[in-house]
Structures are given as structure tokens and as C-alpha cells.
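I set down here what I looked up, first within one chain and then between chains.

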Amino acid sequence: MKYENDLKSIFIKNKSNIASVIVFVKVGAVDENLSQAGLSHFLEHLMFKGSKNNPSNSMSKKIENMGGEINAATSKEFTMYYINIQKNYIIESIKILADALENPIFPKKEIDIERKVVIEEIQRYFDNPMSVLYEQFYKTVYSGCPLKNTVIGSSQVIKNVSRDEIYKYYKTHYTPEKMLIVISGAFDDLKISKIIHETFGKFKKGSLMTINNKLFNEDICVAKNLIKYKKTELGYMITGFLCPNIKEDDIYIATLVVNILGGNKFSRLYRSLYEEKHFVYEIESLFEVFNDYGNVNIVSIFDPSNMENVKMEIAKQIEYIISYGIMEKELNVSKLSTKIDFLLSLETSFGKGYTHGYWHFMRNPEFIKKYIKKIENIRIDDIVFFLKKYYSPKMILNIALLPKIKNKIR
Amino acid sequence: MKSFMLENNIKVIFHKTSALKLVAMRIFTSVSVISENRDNSGISYFTQKLMTQSTQNRPNEILVRDVANIGAKLYGNTEYDVTKITMIFMSKYFHEAVEIISDVILNPKFDSKALFFEKQNVMAVLNSRKDNISEMAHDEFIKMFYGNNTTYSRTIFGIKETILKINRTDLIKWHNYSYNNSNILISIVGNINDKIVQSSLSKYFSRVPDGVKSKNIIFDVKLDKNIKIEIKSKFKQAYIYSGYPACKFGDQNFIKTSLISIILGGRMTSRLFVELREKLGLAYEVNTIYPLRISQSYFGIYMGLDKKNINTALEKIYEVLKNFRTKKISELELLYVKKNIKGNYFLNRETVKNKSYYYGFFEIIGQGYEYDFKYLEYIENITTHDIINIANEIFSKYSVNVVICPE
């Protein structure tokens with residue numbers, strides 16, 4: 001449904017007693033420049049610091065007192081706020097979220113306290129080897145475009161950003177045409193439409209121009225082997241390459257490809273590197289999709305002495321598929337596994353709301369409807385063609401994090 | 001909700017759902033870390049890990065293939081008091097799934113080569129815990145709190161010295177002890193007909209042999225002074241992990257203590273969260289933990305913070321706890337906490353996986369699956385008077401405080 005102010009909503013009906021109210025806002029790390037690194041994430045924190053009708057922490061208080069949970073998350077391309085609650089509190093939840101997003105107060109004192117919290121969060125994040133590794137991976141694979149930007153942000157920016165800058169950023173991005181509200185659960189459509197109309201539907205349209213931050217260098221993603229050193233106990237590595245963006249049909253194939261490579265214990269990389277050759281302690285492959293570019297990334301954890309073996313074996317397994325394809329049986333097993341993962345993601349009200357909401361918000365609402373059928377129709381040739389198209393030894397990235405002092409596992 | 005016994009006296013609890021065509025099946029055993037001793041620490045984890053790798057009928061690649069052929073997920077988990085083997089699958093593959101999981105339970109291979117490599121993996125897991133500040137703090141805390149002679153003082157993976165010694169014969173013996181008819185329970189939740197459940201389980205699980213009932217050691221921790229240790233680490237962040245002795249599961253004060261953990265931590269409006277994060281900005285993560293244990297438990301408080309704020313945070317925690325045990329909470333605060341617990345109870349029971357866990361867990365540790373349905377009633381009966389009494393009992397005792405500090 002679309003409202004006069006260009007706000008959109010979708011309703012996902014089910015019989016559950018639990019309901020979810022989710023709001024997607026089109027602002028994330030890709031919208032930031034260097035002097036704003038982490039502002040979307042900081043703003044997400046500050047939205048909980050009080051609004052016109054719910055000052056201080058009374059928004060969280062109201063929701064928790066009704067037996068619900070409220071939280072938010074920032075990503076590269078959007079920020080999401082959600083409430084999971086018993087179905088009889090949907091209307092109250094919509095009102096609370098609407099007030100928070102339309103009338104935040106941003107008290108100066110609260111901003112200063114929250115700076116310290118976020119700086120602490122940043123410190124914690126970079127103490128984790130996987131976070132360090134992923135940040136380096138994004139910086140490298142997306143070196144020419146804003147997808148390289150860190151979501152969590154820079155301590156310097158968080159420490160110094162003024163209330164005026166925060167407010168301006170909020171006014172620029174928190175506008176109804178950049179929002180989608182998703183209601184998932186058992187509810188009366190008319191009542192809910194009316195309340196959305198009276199709340200989110202009355203948000204004023206944005207007047208400030210959004211700067212299009214999307215630039216891309218042609219020279220990105222040439223093969224790179226980067227090693228960083230940190231005081232860790234084990235070796236960590238991401239092997240990855242660029243993939244289709246969210247609008248391309250190849251994304252269905254991408255979900256199968258990562259399943260075949262490292263999606264479960266039956267997958268090729270797991271069998272080869274974990275079970276047979278014992279090169280890794282853990283290995284898994286993932287497909288991340290964004291508006292401009294997606295990526296396939298393979299995460300491995302290993303004894304540092306095995307790093308070269310891991311690299312070579314991953315390349316060998318991918319190149320084998322390109323040369324010889326896969327068995328029909330393997331493809332079918334992968335399809336089944338992908339379908340059950342999809343089913344499991346729809347088991348909760350939040351899962352249903354998030355999955356449908358995400359694909360609507362990313363302007364590919366047909367994805368969900370087509371998903372099972374598209375997966376069913378994928379052939380071995382499609383898998384081979386996908387890898388030929390996106391993978392090349394000239395474009396593969398290996399970003400590793402190794403112990404500062406070589407530490408062999410005994 | 002139904003429960004029935006198989007011919008060989010294995011209890012099955014079954015709850016039929018009506019939503020998606022999915023089933024979660026869990027085989028619980030009451031033999032776990034709590035049953036171990038200093039010489040075989042880690043054996044419960046190894047046993048379940050190797051059980052899910054190969055059987056006498058299915059080498060690893062065949063087991064993995066058969067599980068994949070029905071799109072199922074098969075895995076094991078070891079906790080301190082129970083271990084479980086879990087399978088999640090589509091309803092239409094019920095018979096196939098039961099046949100596979102029964103093979104895993106009845107006929108594990110315990111391949112020596114696999115054991116050798118699994119030992120290396122566990123060593124790596126133990127090392128990787130040192131790359132994570134919260135795991136490191138937890139591991140140091142349990143060592144200090146439980147002392148050297150209790151099973152809860154070690155991680156579920158065991159310790160390096162014993163891991164290296166565990167052999168195939170040890171695993172076979174431990175398996176016979178753990179997965180016999182006296183010690184296992186089957187918990188199933190899903191959209192499947194109960195007759196199918198009964199016939200399939202009778203066919204495959206009636207062959208589980210007789211065995212000795214597990215005897216778990218129940219122990220107490222008595223601290224005779226406050227303990228504080230500071231550990232230098234490679235991390236930039238500092239970390240506090242503090243804990244007080246608290247009652248075990250099944251004790252009359254258990255539910256009251258779990259309610260206290262929600263008043264103090266775990267929510268955006270919990271007292272420690274508000275005082276330490278919202279008012280002072282000292283931490284991003286601040287929370288409480290009250291592990292559900294059949295022997296001595298603890299009431300833990302943990303937070304990550306900047307080194308310079310350690311003393312301020314410890315003083316503030318002390319102040320919040322002192323205030324909590326000297327001033328009764330209001331009826332209104334208690335009412336809202338109860339409402340929050342009720343809401344979260346339903347939120348946590350949306351999936352077949354979670355439901356099969358809660359029902360099975362309460363049954364295997366002796367409270368009966370009905371405990372899960374009575375839980376909210378027990379919560380409802382708690383008074384403000386109960387809260388202040390229990391708070392005084394817990395927080396006037398000595399505590400253990402682990403502080404991880406950057407080098």
C-alpha cells in the first residue's frame with residue numbers, strides 16, 4: 001500500500017499470537033561520507049533517547065512493560081526498527097514507532113552519553129578478529145564504491161559530530177518516501193491501515209536533496225592477497241569475489257552456488273577442507289546482496305601453517321566445478337537444503353515480516369513469490385555459467401588475519 | 001501435548017503444531033558434563049560430535065548424504081547438564097529422519113581417525129575462545145568460582161590434558177552409559193500425525209538397550225571471602241565478569257532468582273542497563289546471567305568497558321545491588337517485569353526447535369515437560385517480599401570478580 005506522502009506499507013498475515021512491526025528506513029553506511037562514518041548507526045542509537053510523546057527511555061519502557069521487545073539494526077543500505085509483541089498491542093506499537101521516527105528529541109546530554117556507548121561498541125567490535133577481517137574485505141572488494149564504508153563507524157566521528165549535523169542527517173534521510181512499514185501477524189487490515197494512515201501517513205515529505213553517493217571504480221577487484229597481523233590464536237581468512245546485484249536473476253543461482261560450495265556438511269568445501277584434508281577448523285560460504293554489487297565470501301578458520309593449502313584448495317574446488325560441473329544429485333540436494341532454509345526463515349512472525357519486507361524494500365518484491373520456482377528451475381549449466389561469469393583467478397580476493405607470533409596448534 | 005513410553009521404557013513427549021510442515025526431533029541424555037570427572041573431562045562433547053559423524057552402517061560421506069537427501073539438519077549440542085542430538089526436517093520425511101537418527105544413537109562408529117582430527121579441532125576451539133573477550137572472561141570466571149574439583153569449572157569442551165587421553169574405548173563406554181533406555185528422552189514438536197510418530201519410534205527406538213541410570217554429582221560452592229582477579233589481555237576493551245552463588249534449578253527460590261535476573265539485566269529498562277549504560281555511558285554490553293543448572297548455579301553480571309572506567313563500574317554495580325536488596329521494589333515494577341517475562345515466554349516459543357528444547361529439557365532434568373506450562377503461573381505468584389528476601393540472600397554473600405584488562 002502506498003500513502004499520499006509516498007510512505008509504503010505491506011501486511012503479512014498469519015495466525016500467530018505474536019506480531020511484528022518493522023520499519024525499514026533507506027539510510028545506511030553507503031549514504032555517509034568520510035566525515036559522517038557511522039552516523040547512520042549513531043542515529044539509530046539516538047532514536048531510542050526520547051521523542052515528543054515518549055521522552056527519555058519511555059519508548060522501551062512501554063514496549064517492555066507490554067511484554068514486547070524493541071530493537072534496531074543498521075546495515076550498509078538501510079536501518080531497521082522493530083517491535084515483536086503479542087498481537088493485541090500492534091496499534092500501540094505502531095504509534096510508538098511513528099512518534100520515535102517523526103519526533104525524536106535528541107537531547108544534548110543523551111547524545112553525549114550515547115557517544116561513549118557507541119565508542120565502546122566500536123572498541124568491542126574491533127577486538128573481534130572476524131570483524132577486523134570483514135571490514136578489510138569490504139574495503140578491498142568494494143574499494144571504489146560506498147559499500148566499502150563501515151557500518152559501525154569511526155570513533156573520531158562519533159566523538160565529534162555535533163547535534164546540528166545529526167539533526168540535519170536525520171531530516172535528510174528519515175522521510176516517508178524512504179520508509180517501508182511491515183506488519184506481520186494476525187490483525188484487522190482496516191484498523192491497521194487506518195492507524196498507519198493517521199501516524200506514518202502524516203509524516204511530512206522530505207525537502208532536502210539526498211546526495212547520490214554511488215560511484216564505482218572500474219579497477220576494483222583485481223586479485224589480491226592481503227595479510228594482516230593481530231594478536232590472535234588462529235588464522236582467519238575470507239576468500240571472495242563480486243557477484244550480481246539485487247535486481248539480477250543470477251541472485252537465485254548465487255544462493256545455490258554458496259550452498260553447494262560451503263552451505264552445510266554435504267558441501268564441497270566442507271567435505272574437502274574439513275573432512276578429507278583437515279586444512280580448516282571451520283569453513284562456510286555466504287552470499288551477500290546489495291543494490292549495486294553482491295559478493296560471495298568464503299570464511300575459513302585454520303592453523304596459520306595451512307593458509308596456502310586453504311587458498312589453493314578453495315580455488316581448486318571452484319575451478320573443478322567450472323571444468324566438470326556437478327552431479328544432478330548434488331544439485332537436487334542443494335535445492336532441497338535451500339528450500340528448507342527458506343522455510344525455517346519464515347517460521348516466526350518476525351522472520352516472515354523481515355523476509356517479505358526486505359525484498360519489498362530492496363525493490364524486488366517478486367523475489368519471495370518466485371523463489372521456490374526459480375530454485376527448482378536451476379540447471380547444472382546455470383551453476384557452471386555463474387561461476388564462469390563471476391569467478392576468475394584474476395579477480396579473487398584472499399584477505400587473511402594471522403597471529404602476530406606464529407602459533408602452531410599442538 | 002502427548003507423552004508415551006516405548007516398549008523399552010523410553011519416554012517420548014510429542015507436541016503437534018499446525019503451521020509449517022516442519023518437525024524438530026531431539027534425543028536428550030541426562031549424561032553430560034556434570035557426569036564427567038577430572039580424568040574424562042570433555043568426553044560428552046566428543047561422544048556426541050563423533051556420533052553425528054559416522055555410524056557402523058553409514059561412513060561419514062553416506063551419513064552426510066542421507067541427511068542431505070531429505071534436506072534435514074543433524075547436529076549435537078553439549079550443555080553442562082544435558083546433551084542432545086537434534087534433527088530438523090520436513091514432515092514428509094519423518095520415517096527417513098527417524099531411521100537416520102536412530103542409527104546415529106544406536107550404532108555410532110567412533111572412528112579412530114575421526115577422533116584424532118576432532119581432538120585437533122577441540123584444541124583449536126579452546127584456543128579460539130582466547131580470541132573472544134567475553135568467552136575468555138566467562139572461562140576465567142567459572143575456574144575461579146567453581147574451583148578445580150567440579151565439572152562446572154571447565155568448558156564443555158574439556159581441558160587439553162584429558163582431551164588428549166580420550167580413546168575409542170572410552171567413547172564406546174561413555175556412549176553405552178549415556179544413550180541407554182534409562183538415560184534418554186525423545187522430544188518431538190512438529191506438524192505430524194501422532195500415529196506416525198508412535199509407529200515410527202516404536203520401530204526404530206525400541207532397540208535402544210537397557211542400561212544404568214545416570215548419577216550426577218550435586219555440589220555446593222561456599223565462598224569464604226570476596227575474590228577478585230585481574231588478568232592482562234591482548235584486547236583493547238576491558239571486561240568485568242562478577243558472580244554470586246545462586247540456587248540450582250528445582251530449588252524453591254529458582255523462579256524468584258530468575259525473575260531478579262530480569263529486573264537487573266537483560267532488558268533495555270533493566271536496572272543495571274539503565275544505570276551503567278543509559279545514565280553513565282560506561283558500556284555497550286551490560287547484562288546478567290543466571291544459568292539454569294541442576295547443581296550449584298551463580299548469579300552473574302558482565303560488561304565490556306573502557307579500562308579507565310573499571311572502578312566506577314564496579315562501585316556502581318555494588319550500589320545498584322545494595323539499593324536493590326535494601327529497598328523493596330514497587331508493586332508496579334514487579335507487575336511490568338512479570339508482563340515482560342510473559343511476553344518473552346511466547347516470543348521464545350514460536351519455533352519447533354525452541355519448543356522441542358524447552359519441553360525436553362524440563363522433562364530430562366526431572367521437572368516434567370508440564371513445568372513449561374506452569375512457568376508463568378509460578379512467576380505470577382512471586383511477591384515484592386519474595387524479591388527482597390532472595391536479593392538479600394544472594395547479594396549479601398561473597399562474590400567472585402574477574403576483570404580482564406588491556407596490557
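Into which domains is chain A divided? I found domain 1 (8-202) and domain 2 (224-403), with bounds that come from an automatic or database domain assignment.

I note that this is a predicted model, in which local features need pLDDT of at least 70, side-chain atom pairs count only at pLDDT 80 or more, and totals for chains, interfaces and linings use all residues. Residues are numbered from 1 along each chain as its sequence is written, while chains are lettered from A and ligands numbered from 1 in the order in which they are written.

**Entry: the two domains of chain A.** I looked up the centres of domain 1 and domain 2 of chain A, taken over C-alpha atoms, and they are 29 Å apart. In chain A, 30 residues of domain 1 are in contact with 27 residues of domain 2 (C-beta atoms, placed from the backbone, within 7 Å). On the domain 1 side, β1 (8-13), β2 (18-25), β4 (79-86), α5 (129-141) and β5 (179-185) of chain A give two or more residues each; helices (H or I, at least four residues) and strands (E, at least two) are DSSP runs, numbered from the N terminus. The largest share of this side, nine residues, is from α5(A).

**Entry: chain B against chain A.** I recorded 47 residues of chain A and 46 residues of chain B in the contact. Among the elements of chain B that each supply at least two residues to its side are α2 (60-69), α4 (112-128) and β9 (283-289). I found that α12(B) gives the most, with eight residues.

Methods: Two residues are in contact if their C-beta atoms, placed from the backbone, lie within 7 Å.
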